[in-house]
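Opening the notebook on a new model today.

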Amino acid sequence: MKLTLLVTAAPHQENAWHALAFCKAALARGHDVQRVFFYGDGATHGNSLLLPPQDEPDVAQGWRELNESHALELVVCVAAALKRGVMDADMARREDKALANLASGFVISGLGQLAEAMMEADRLVSFPG
Amino acid sequence: MKHTLFIQHHAPYGSESPQEQLDALLVAAAFGQKVSVLFQDDGVWQLLPQQEGHALERRTLAAQLQALELYEVNALYADAASLAERGLDQSRLALNVQVLDAAALKKLLGDQDLLLRF
């Protein structure tokens, strides 16, 4: 089954962890998860400056590993990202910001990526905050 | 074509959710999806007329909801129970919505390919 995941929970919220666990389980069962779209507070998953304590799960790192092992697309909504202080090098240059902080494995794009993924998916599974 | 129902269930100015969900649904509609909207739980507060977002230095959500028509999103619904629980009069709402009882709501949800609620 083709799945699209929508994560609007922030990385420190419980549903963020459920999203990652669900995605791993779906991939292990052979489902086709093509894209995870991070929107709302979920956009902060793309912040490379997040540093959870060592005895707490690093959800963003978990997504990065899936990106590497399964070529899973991790797309962060541009409007939600900018509002929450997440930007890539091009955006930082354009907005005259001192640093770019988009985590590796994540890409920033528009809501059209969500709309497109919804059209292709058999199921959309959302993980709200 | 996929039938997608966006469920607005948050009060209009308590969080970013209503605005971000509206943005997502307008893009989905622009991409040619068959989009409808259900106002449920605290989401029915979004339907109050005479909202003045500027008092909170925010955009007025009700005014933006008027744009739904321009995107040909004409299937708008409100949950009768949610309205009743909050003492809202269905004849005095900012949008022309169809008010659904529990049975009609069940059918609406069952008719969708995708549901979005966040």
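Before counting anything: I call two residues in contact if their C-beta atoms, placed from the backbone, lie within 7 Å. Also noted for later reading: this is a predicted model.

**Chain B, overall**

I started with contacts by sequence separation. Of the chain B contacts between residues at least 6 apart in sequence, 69% join residues at least 24 apart.

Chain B has four helices and five strands, and reading along the sequence I get β-α-β-α-β-α-β-α-β.

Then the dimensions. The C-alpha trace of chain B spans about 40 × 30 × 25 Å along its principal axes. I checked the radius of gyration too: chain B comes out at 13 Å, which agrees with the value near 13 Å for a compact globule of 118 residues. Buried residues account for 37% of the 118 in chain B.

**Helix pair in chain A**

Over to chain A, where I looked at α1 (residues 14-28) against α2 (residues 59-70). Their axes are 10 Å apart and the packing angle is about 20°. Angles under 35 degrees count as roughly parallel, so α1(A) is roughly parallel to α2(A). I logged the crossing of α1(A) past α2(A) as left-handed.

Who touches whom? From α1(A) I listed A:Ala16, A:Trp17, A:Leu20, A:Cys23, A:Lys24 and A:Leu27; they meet A:Val59, A:Gly62, A:Trp63, A:Leu66 and A:His70 in α2(A). By type, the residues of this contact are eight nonpolar, two polar and one charged.

**Where A meets B**

I counted 16 residues of chain A in contact with 15 residues of chain B. On the chain A side, α3 (78-83), α5 (112-120) and β5 (123-127) each supply at least two residues. The largest share, six residues, is from α5(A). I sorted that side of chain A by type and got eleven nonpolar, four polar and one charged.

**A:Leu102**

Last entry: a loop residue. A:Leu102 sits in the loop between α4 (89-94) and β4 (106-109) of chain A. Is A:Leu102 buried or exposed? I found 20 C-beta neighbours inside 10 Å, so A:Leu102 counts as buried; the cut-off for buried is 20 or more.

Leaving out residues up to four places away in sequence, A:Leu102 touches A:Gly46, A:Ser48, A:Val86, A:Met87, A:Asp88 and A:Ile108.

Definitions and conventions:
Residues are numbered from 1 along each chain as its sequence is written. Chains are lettered from A and ligands numbered from 1 in the order in which they are written. This is a predicted model: local features need pLDDT of at least 70, side-chain atom pairs count only at pLDDT 80 or more; totals for chains, interfaces and linings use all residues. The radius of gyration is taken over C-alpha atoms; the globule rule is 2.2 Å times the number of residues to the power 0.38. A residue is buried if 20 or more other C-beta atoms lie within 10 Å of its own, exposed if 12 or fewer, and partly exposed in between; C-beta atoms are placed from the backbone. Axes are lines fitted to C-alpha atoms, for helices over the stretch in contact, and angles run from 0 to 180 degrees between N-to-C directions. Angles under 35 degrees count as roughly parallel, over 145 as roughly antiparallel, 65 to 115 as roughly perpendicular and the rest as oblique. A crossing is left-handed if the near helix is turned anticlockwise from the far one by less than a right angle, and right-handed if clockwise. Ala, Val, Leu, Ile, Met, Phe, Trp, Tyr, Cys and Pro count as nonpolar, Asp, Glu, Lys and Arg as charged, and the others, Gly among them, as polar.
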